[in-house]
Amino acid sequence: MRVFRTDGSSSFRTLVGVGGIGTGSFFALEGNHTLGRNESRPGRLLDIRDYCKLHIVAHYVARLLGAGTDGSAFHLFPIGKVGDDSAGRLLLQQMQAVGMDTRYVTMVAAKHTLSSVCFQYPDGSGGNITASNSAAAEICAQDVENALGQIVANGKQMIAVAVPEVPLAVRHYLLTAARRKGAFCAASFVSAEIAAAKQQGVFGELDMVALNEAEAAELVGCPFSESNPEAFVTECSSFLGSHYPNLGLIVSMGKRGAYGFERGNWNFCPAPEVPVASTAGAGDALLAGVISAIAAGVAFTRAGGHNDRLQECTISTALEFGVALASYTVTSPHTIYPDTCLDSLRNFVEKLGKKFAPEVLECFADLVPDVNIVASLGDTAIRTG
């Protein structure tokens, strides 16, 4: 199979991440009225395999960069905690099978693996309940310090990723420690965390942040309006220029596509129209795609001013690659699309009438598969080759 090429001369060869590692279940509720305090409501348990944020991001990066596979120089270290239960053991097996080094994911005997219950109304709206007392909540700064002290890597060749579903303080600690080592630092947040992250100086530790439109509005203080998108774009550019001039910002706009802001420049990449099975995990896939392409040496955005590339069919930037990956993953009902690799993504892109630019294709490399590596995501077997 093909992966993004990494070798001794690559800018990035290691990814270290903290965030949620767990599972979830989905229910399709009967009736559109809001679930009441004392109400019991029937719902169909859906055949959707749900995973938490760090697992989703790390899975795609591992697959696209060939982490841990013979012939690849890229290493991926998630840091986290799972319960000493069947869910935790299965998650570790799945992560190891796609090349992640899970030595810093520990099992906690007295806690259960992070889990959530998602519910969806017939009109498509919904919510979720996520356990706050799982093993994931037990991770602390010392766990991060221990891992970083043992990982043998050139700091300037490291990517540090911090995503939700573990305490914000632990994610902040990773970013601060990794930044001291010269790492490229990326993160995402939920809306309720934005104010605290700003107050604590987390954004000052970042090279890149990925947010949806509601989270970005919370950051910059300006909501997105379809009738006047220029105001939102202007406010994002102004906010970054005034407060974080070196911060790259990804703003996911759902089915519309995504914006990328970088050092006074911005691009908009529209999303293609595809049959949508589920949008859960699409934002995490977008971040993973951008990180993977940047690790391979692809530019985040296209330089030379502001671009709205509605008519173009060539994927030449990491932002466009991330949007292509997110668009591909929403065609699967699962939050991790088990068949994802560069080959399947290229086939998907070509069926849409698009193509990867020569400078992106130059970053691809054939990787000799390790036929012994097999993972099972539910009923679906995944092989690295």
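**A loop and its setting**

Mentor: Arg 263 is found in the loop between β14 (257-262) and β15 (265-270), where helices (H or I, at least four residues) and strands (E, at least two) are DSSP runs, numbered from the N terminus. Before going on, please keep in mind that this is a predicted model, in which local features need pLDDT of at least 70 and side-chain atom pairs count only at pLDDT 80 or more, while totals for chains, interfaces and linings use all residues. Residues are numbered from 1 along each chain as its sequence is written, and side-chain values use heavy atoms, with hydrogens and water left out.

Arg 263 has a phi near 50°, a positive value in a residue other than glycine. Most residues other than glycine have a negative phi. At 57% relative accessibility, Arg 263 counts as exposed; here buried means under 20% relative accessible area, exposed means over 50%, and partly exposed lies in between, with a 1.4 Å probe and protein chains only.

Glu 165, in the loop between β10 (158-162) and α4 (168-180), has a positive phi of about 90° although it is not a glycine, and with a relative accessible area of 31% Glu 165 is partly exposed. Strand β8 (residues 114-120) and strand β9 (residues 126-130) pair in the antiparallel sense over five bridges, two strands being said to pair if DSSP finds at least two bridges between them. Within this pairing, Cys 118 has Asn 128 of β9 as its bridge partner.

Eight of the nine residues of strand β6 (residues 75-83) are buried, so β6 is largely enclosed by the rest of the structure. Strand β2 (residues 14-18) runs parallel to β6 and is joined to it by five bridges, with Gly 17 standing opposite Pro 78. Strand β7 (residues 105-108) also runs parallel to β6, joined to it by four bridges, and here Gly 83 has Val 108 of β7 as its bridge partner.

Val 82 lies in strand β6 and is buried, with a relative accessible area of 1%. Not counting residues up to four places away in sequence, Val 82 touches a list of residues that includes Ile 21, Leu 92, Val 105, Met 107, Val 108 and Ala 135, a contact meaning heavy atoms within 4.5 Å. Val 82 and Ala 109 are 27 residues apart in sequence, yet their C-alpha atoms are 8.9 Å apart in space.

Cys 341 lies in the loop between α9 (318-329) and α10 (342-351); with a relative accessible area of 11%, Cys 341 is buried. Leaving aside its neighbours within four places in sequence, Cys 341 is in contact with Met 1, Arg 63 and Leu 64.

Stepping back to the whole chain, the secondary structure comes to 11 helices and 21 strands. The radius of gyration is 20 Å, close to the 21 Å that the globule rule gives for 385 residues, so the chain is as compact as a globular protein of that length; this radius is taken over C-alpha atoms, and the rule is 2.2 Å times the number of residues to the power 0.38. Along the principal axes, the C-alpha atoms fill a box of roughly 55 × 50 × 45 Å. Buried residues make up 54% of the 385 residues, and among contacts between residues at least 6 apart in sequence, 70% join residues at least 24 apart.
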